[in-house]
Amino acid sequence: MQLEQLLKKHFGYPSFRPGQKEVIEQLLNGRDTIALLPTGMGKSLCYQLPGYIFNKPVLIVSPLLSLMQDQVDQLKQFGEKRVVAINSFLHRKEKQHVLNQLHAYRFIFISPEMLVQQQIVNRLNELDLALIVVDEAHCISQWGFDFRPDYLKIGEVFKENRPPILALSATATEKVLEDIRRFLMMKAPFEYIHSVDRPNIRFGKKIFQTKEEKMEWLLEHVSHTEGPGIIYTRSRKRTEELAAQLLERGLSVSSYHGGKEAEDRQFIQQQFIEGSLEWIVATNAFGMGVHKENVRQIIHDTMPSNVADYMQEVGRAGRDGQDAIAILLYCDGDEEVARFIATEDLPNENHIEWYEEYAIKNMNPKEMIQDGLISETTFRVLHYWMNLYSKDEVKEIFRHMVGEKYRLVDEMLKIVKGDCCIREQLVHYFGQKLKEKPEDCCEHCGIDYQRFLQPRKESYATQENSNWQLRLRQILIGID
């Protein structure tokens, strides 16, 4: 049966989107594959259709609980019952039951941290897997070295007689691609690289003299223009403050960040997807896995720490192919905030010295967390590198990481402060060439904002929504 016939049979689509067929053909031939496809281009179909063709389990390594759950829910809506997510939501008995029945599932989603647990490794190695998928594979490079080092161990789990690996992402520089190839131990992978450009997204930029002016503009803009939209900030505290001020203006809005309970994050995300919330004020914890088609605005309250994060975040807009706008706000000093955020989880030289002192005293270095010397995230990173290299080598590694983080902030700052086409700079950053500029391209090429920003309709704050609005207020300010 032809691939198009199988596509029609299993998903009801008459034809493939660009890149899907090429990727699937390589996987069916047993070849490792890297696929860079923009948000909304149907990356998940690249492993879902082979799952039905091979009729064997597909393992999908996924970075976020929200992303994992969203993909599981989507498959279930298509009528697929043989799907499971192995993550921290599973209680011990549930996890054991799933592992005992693992062979019965067609699609198995798992986090990198769960994947490296020996019990799970042993069980997976007993399965005849059709495919190993690493979703949002850019996280190997962007998170693995200095945030979630278990990403760097994925390739070690399956060394011999493994099925083909599919690495999926929307954006990746050549350096990130090299990290993906290296740490997944890919064998001469086929690479399909689509343009990162999203012509339906217009890139705006606003420069302010003070943070107060910026805040005033942001509150006025959001109060008077139509969403749905996402406002990205760089700190949890800032999301809470900004969301509270917008709530006071009568908008249906919630903050979202990694410090909230998982159930509350899911609740907020679902309200946004269903249309009960106009705006989300979020850190970069909100992004991957949020499949809302009609996001019309993305606003960055301050500059991101790197261009890759910026592209991932603006990629939430216009998934339906309709016009959307991304506006980046800046005032002097924002780059210092970006540098701090970029390096706050990296271990410093004191952490490294203390780690060695604990080890010399035959104390478990992990006690540094209980002793208040280090955060859990920072310890996880430090522990990974200290098990590989000497103290002095680790110090040099982190000095290099800090320098690299600062360099990436400077790359973003060039785009913020530059007077060239924003779209062109973004595309060039990923080593690509811009083929064509859309009308109303960006701030420097000219944007007719009235074409893309509709006056806000006050249709959200109705009495029937009062119950969930009360609950969101409770979540926002931490009341039970």
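Which hand, left or right, does the crossing of α18 and α19 have? In this predicted model, the crossing is right-handed. Helix α18 covers residues 376–386, and helix α19 covers residues 391–417. Their axes come within 10 Å and cross at roughly 130°. That angle makes α18 oblique to α19. From α18, the contact draws on Val-381, Leu-382, Trp-385 and Met-386. From α19, it draws on Val-394, Ile-397, Phe-398 and Met-401. By class, the contact holds 8 nonpolar residues, with no polar and no charged ones.

Helix α10 was examined next. This helix spans residues 174–183. Its buried residues are Val-176, Leu-177, Asp-179, Ile-180, Arg-181 and Phe-183. An α-helix has 3.6 residues a turn, so residues three or four places apart point the same way. The buried residues of α10 are covered by elements that include strands β1 (33–36), β6 (165–169) and β7. Helices α8 (139–142) and α9 (154–157) are also among the covering elements.

Most residues other than glycine have a negative phi, and most peptide bonds are trans. Just after α10, Met-185 takes a positive phi of about 55°. Met-185 is not a glycine. Its place is in the loop that leads from α10 to β7 (190–193). With a relative accessible area of 37%, Met-185 is partly exposed. Asp-440 also has a positive phi, of about 55°, and is not a glycine either. Asp-440 sits in the loop between α20 (422–429) and α21 (449–452). Asp-440 is buried, because its relative accessible area is 12% and the cut-off for burial is under 20%. A cis peptide bond joins Gly-227 and Pro-228, with omega at about -5°. Pro-228 belongs to the loop between α11 (211–224) and β9 (229–232).

The loop between α20 and α21 also holds Gln-432. At 15% relative accessibility, Gln-432 counts as buried. One reaches the backbone oxygen of His-194 at 3.3 Å. Another reaches the backbone nitrogen of Val-196 at 2.9 Å. Beyond its neighbours within four places in sequence, Gln-432 is in contact with Ile-193, His-194, Ser-195, Val-196 and Val-427.

Strand β9 contains Ile-231. The relative accessible area of Ile-231 is 0%, so this residue is buried. What surrounds it? Neighbours within four places in sequence aside, Ile-231 is in contact with Leu-218, Val-222, Leu-242, Leu-246, Trp-279, Ile-280, Val-281, Ala-282, Ile-299 and Asp-301. Arg-407 lies 176 residues from Ile-231 along the chain, and their C-alpha atoms are separated by 25 Å.

Asp-334 is found in helix α15, which runs over residues 334–343. Its relative accessibility is 2%, so Asp-334 counts as buried. The side chain of Asp-334 makes a polar contact with the side chain of Thr-302, at 3.2 Å. Residues up to four places away in sequence aside, Asp-334 touches Lys-211, Lys-214, Thr-302, Met-303 and Leu-329.

Glu-313 lies in helix α14, which covers residues 307–314. Glu-313 is buried, because its relative accessible area is 5%. Residues up to four places away in sequence were again left out of its contacts. Glu-313 then touches Tyr-232, Arg-234, Asn-284, Ile-298, His-300 and Pro-304. Between Glu-313 and Gly-79 there are 30 Å in space, C-alpha to C-alpha, and 234 residues of separation in sequence.

Terms used. Residues are numbered from 1 along each chain as its sequence is written. This is a predicted model: local features need pLDDT of at least 70, side-chain atom pairs count only at pLDDT 80 or more; totals for chains, interfaces and linings use all residues. Side-chain values use heavy atoms; hydrogens and water are left out. Helices (H or I, at least four residues) and strands (E, at least two) are DSSP runs, numbered from the N terminus. Buried means under 20% relative accessible area, exposed over 50%, partly exposed in between (1.4 Å probe, protein chains only). A polar contact is a pair of N or O atoms within 3.5 Å; within protein, one must be able to donate a hydrogen and the other to accept it, and residues adjacent in sequence count only if both atoms are side-chain atoms. Contact means heavy atoms within 4.5 Å. Axes are lines fitted to C-alpha atoms, for helices over the stretch in contact, and angles run from 0 to 180 degrees between N-to-C directions. Angles under 35 degrees count as roughly parallel, over 145 as roughly antiparallel, 65 to 115 as roughly perpendicular and the rest as oblique. A crossing is left-handed if the near helix is turned anticlockwise from the far one by less than a right angle, and right-handed if clockwise. Ala, Val, Leu, Ile, Met, Phe, Trp, Tyr, Cys and Pro count as nonpolar, Asp, Glu, Lys and Arg as charged, and the others, Gly among them, as polar.
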